Amino acid sequence: MSSQLLFDSTIEPDEPSAPIGNISSTNNASSRPREQVVLTPSNNATALASNHSDAESGIAGIFRQSSHPLSLFFLYIFRLGAVVVYIFSGFFTSNYVLSTVLVVVLLAVDFWTCRNVSGRTLVGLRFWNQVDDDGESYWVFESRDPSRPANPIDSRMFWIALYAFPVIWVGLLFVAILKFNASFVPIVLLALVFNVTNVIGFTYADRDARQKWAQNSGWGLSSLGGFGGQLVAGAVKNSVSRVFG
């Protein structure tokens, strides 16, 4: 009995907690409408969008996506330099010999760079003329393994430069003829010789590479045996020869 009284005197029953403060003011605050929150994009999203557009367009984006930006840079800088010096040298100097030497040097450096560096690194193609022991000359073409395709940006910019600048020099040739500037015609003809040589060489090198790829694919398909493999191999060879032959 004494223990029961001791517990009753020490342990008190829990009472429900009563709210503290002004209840009416709390109800009024909860009844007021909440302010609408408007989410606005931050500046980071804009920055990311601008970077994304820069990566897809513009000169900086082209060099950013290129696998060999240095080769691409020198491919265009020598070609543009020759055209710019030829057009604007008369505004800075009246020395015809100096202008001619600068243009010829830029053309020669561009010819060597395009054939030996830019073509090999950007599109995996190379060509040269070789003379055998009998004194007969023939063209030699090299191409990279088809399983390692070139960068699309590098390939596109290389072929644009290869075909666009001869057209520019043809236009400058007509301008020189119409203006009766006979002294500038040899320079333009030399530029056309350099540029057209690269056009012909790389065009044949590309066609030779595609034909080799078609032949290798054809032999691989023919090795399967049967009429079906020979039929597909013949179709591949005929299609490539029809397009590039």
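Colleague: In which helix is the place of Ile-87?

Modeller: This is a predicted model, where local features need pLDDT of at least 70, side-chain atom pairs count only at pLDDT 80 or more, and totals for chains, interfaces and linings use all residues. Residues are numbered from 1 along each chain as its sequence is written, and side-chain values use heavy atoms, without hydrogens and water. Helices are DSSP runs of H or I, at least four residues, and strands are runs of E, at least two, numbered from the N terminus. Ile-87 sits within residues 69-92, which is helix 5.

Colleague: What is the relative accessible area of Ile-87?

Modeller: Buried means under 20%, exposed over 50%, and partly exposed in between (1.4 Å probe, protein chains only). Ile-87 counts as partly exposed because its relative accessible area is 37%.

Colleague: How many bridges pair strand 1 and strand 2?

Modeller: Two strands pair if DSSP finds at least two bridges between them. Strand 1 (residues 125-131) and strand 2 (residues 137-143) run in the antiparallel sense. Phe-127 stands opposite Phe-141 in strand 2. The count of bridges is 7.

Colleague: Which residue in the hairpin of strand 1 and strand 2 takes a positive phi?

Modeller: The hairpin has 5 residues between the strands. The phi in question is near 90 degrees, and the residue is Gly-135.

Colleague: Where is confidence lowest in the protein chain?

Modeller: pLDDT is the predictor's confidence in each residue, from 0 to 100. The chain averages 74, and 63% of the residues score at least 70. Confidence is highest in helix 7 (residues 152-178), at a mean of 94. At a mean of 42, the lowest is helix 9 (residues 226-244).
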